[in-house]
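Biologist: I am new to this structure and would like to go through it in questions and answers. Please show it first.

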Amino acid sequence: MPEYLIAFNDEWVPEHTTEELQHKSETSMAVIEEMKSAGVFVYGNGALDASTALFSVEASNGKPIFTDGPYVETKEHLGGFCVIDVPDEEAARYWAGRLAVVLDWPQEVHRFPDLFGSDD
């Protein structure tokens with residue numbers, strides 16, 4: 001089956017109180033548990049923001065150069081994601097829609113290309 005990435009940028013998330021974030025965490029984890037029960041959940045994580053960035057790395061003369069900051073300037077960065085393994089785009093839309101509703105912020109969906117020619 002194809003794998004899909006469901007993700008959101010941290011900048012898409014409005015300010016929330018601690019209680020609001022706790023509630024959204026609980027409701028989104030309930031959807032993740034449904035994904036696990038349905039056998040479609042591959043991996044996910046969230047609560048990423050500027051404070052979780054550790055370093056950046058780029059190549060220079062064939063060697064990695066690590067920098068603890070400043071980071072590449074960007075207006076948006078990944079806030080959270082999950083990977084699901086579902087039969088088609090319709091199923092991906094279902095799960096992304098569930099997350100968008102319980103979190104009340106936009107989700108973006110990407111289909112991973114089949115680079116390795118699996119038989120799924």
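Biologist: In which strand does C82 lie?

Modeller: This is a predicted model, where local features need pLDDT of at least 70, side-chain atom pairs count only at pLDDT 80 or more, and totals for chains, interfaces and linings use all residues. Residues are numbered from 1 along each chain as its sequence is written, and side-chain values use heavy atoms, with hydrogens and water left out. Strands are DSSP runs of E of at least two residues, and helices are runs of H or I of at least four, both numbered from the N terminus. On that basis C82 lies in strand β5.

Biologist: Is C82 buried or exposed?

Modeller: Buried means under 20% relative accessible area, exposed over 50%, and partly exposed in between, with a 1.4 Å probe and protein chains only. The relative accessible area of C82 is 3%, so C82 is buried.

Biologist: Which residues is C82 in contact with, leaving aside its neighbours within four places in sequence?

Modeller: Contact means heavy atoms within 4.5 Å. V42 is 40 residues away from C82 along the chain, with 7.4 Å between the C-alpha atoms of the two. With those neighbours left aside, the contacts of C82 are Y4, L5, I6, I32, M35, F41, Y43, G44 and L99.

Biologist: What pattern does the chain follow, read along the sequence?

Modeller: The chain has two helices and six strands. Read along the sequence, their pattern is β-α-β-β-β-β-α-β.

Biologist: Why does N9 count as buried?

Modeller: N9 has its place in strand β1, residues 3–9. Leaving aside neighbours within four places in sequence, N9 is in contact with E76, H77, L78 and G79. N9 counts as buried because its relative accessible area is 14%.

Biologist: Which element supplies the largest share of the lining of the largest pocket?

Modeller: On a 1 Å grid over the protein atoms alone, a pocket is an open set of points where a 1.4 Å probe fits, with protein on both sides within 12 Å along at least five of seven lines, and lining residues have an atom within 4 Å of a point. The lining of the largest pocket has 29 residues, and F8, G46, A47, G79 and W105 lie nearest its centre. At least two lining residues each come from β1, α1 (18–38), β2 (41–45), β5 (78–85) and α2 (89–103). The largest share, seven residues, comes from α1.
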